[in-house]
Amino acid sequence: MMQQAAEQGYGPAQYDLSLRYHYGDYVEKDFDKEFFWLQKAVENGCSMAYNNLGVCYSLGRGTQINHKAFAMYKKAIRSTYMDEEAANNLAICYENGEGVEPDPREALRWYRRAKRWGKEGIEEEIERMKRAVAANPQ
C-alpha cells in the first residue's frame, strides 16, 4: 500500500518509504533507495523530507557529498515547524563552512535556536561557538 502510494507520487508515502530503506524496516537497508525516495518526496512537496535529504548530501549517503545540504536545511527551516534537527544541521554548516562561509555568530544563533526548539545535548557546541565569537569580536 505504501509502495503503491509512493509510486503514484504521494510525498508523505515517499518520505515514509525512504525511512524504511534507511532503517531496513520491512525492507533491506538501502541508502540509494532512501536517497531516491527522499528526492521524490521533496519534488512532491513533502516538507518533512528536506532535512533528511540534506543529511544524505552532507554524508554522501546514497549520493556524493554535496553542498546542497545547506540549501535543504534552509528549506527545512522555512517549511517545517521548529525543526530542531534542521536548525542543528544548519549550525554545523555555518560552523564548518559547508555550503556557506564559516560564521561562528550564525552557528551560535542556529545552535541556540535548535536548543530552544528542543534539541538536547548541544551545550558543548553552544559554548564552543560562544568562545569562537568572543575570540573574534567584530
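Tyr94 counts as buried, at 9% relative accessibility (buried means under 20% relative accessible area, exposed over 50%, partly exposed in between, with a 1.4 Å probe and protein chains only). Keep in mind that this is a predicted model, where local features need pLDDT of at least 70, side-chain atom pairs count only at pLDDT 80 or more, and totals for chains, interfaces and linings use all residues. Residues are numbered from 1 along each chain as its sequence is written, and side-chain values use heavy atoms, with hydrogens and water left out.

**Aromatic pairs**

- The count comes to three aromatic pairs; rings of Phe, Tyr and Trp (its six-membered ring) pair if their centres lie within 6.5 Å, and planes under 30 degrees apart count as stacked, over 60 as edge-to-face and the rest as tilted.
- One of them is Phe36 with Trp37, an edge-to-face pair at 4.9 Å centre to centre with 85° between the planes.
- In that pair, Phe36 is partly exposed at 38% relative accessibility, whereas Trp37 is buried with a relative accessible area of 9%.
- Tyr94 turns up in another edge-to-face pair, with Phe70, at 5.4 Å centre to centre and 85° between the planes.
- This pair links distant parts of the chain, 24 residues apart: Phe70 sits in helix H5 (residues 68-79) and Tyr94 in helix H6. Helices here are DSSP runs (H or I, at least four residues), as are strands (E, at least two), numbered from the N terminus.
- Phe70 counts as buried too, at 14% relative accessibility.

**How H6 packs on H7**

- Two packed helices are described by the angle between their axes and the distance between the axes.
- For H6 (residues 84-96) and H7 (residues 104-116), the axes come within 8 Å and cross at roughly 165°. Axes are lines fitted to C-alpha atoms, for helices over the stretch in contact, and angles run from 0 to 180 degrees between N-to-C directions.
- H6 and H7 are therefore roughly antiparallel to each other (over 145 degrees; under 35 is roughly parallel, 65 to 115 roughly perpendicular and the rest oblique).
- On the H6 side, the contact (heavy atoms within 4.5 Å) is made by Glu84, Ala87, Asn88, Leu90, Ala91, Ile92, Tyr94 and Glu95.
- H7 brings Glu106, Ala107, Trp110, Tyr111 and Ala114 to the contact.

- Gly118 has its place in the loop between H7 and helix H8 (123-135).
- At 40% relative accessibility, Gly118 is partly exposed.
- Gly118 and Glu84 are 34 residues apart along the chain, with 6.1 Å separating their C-alpha atoms.
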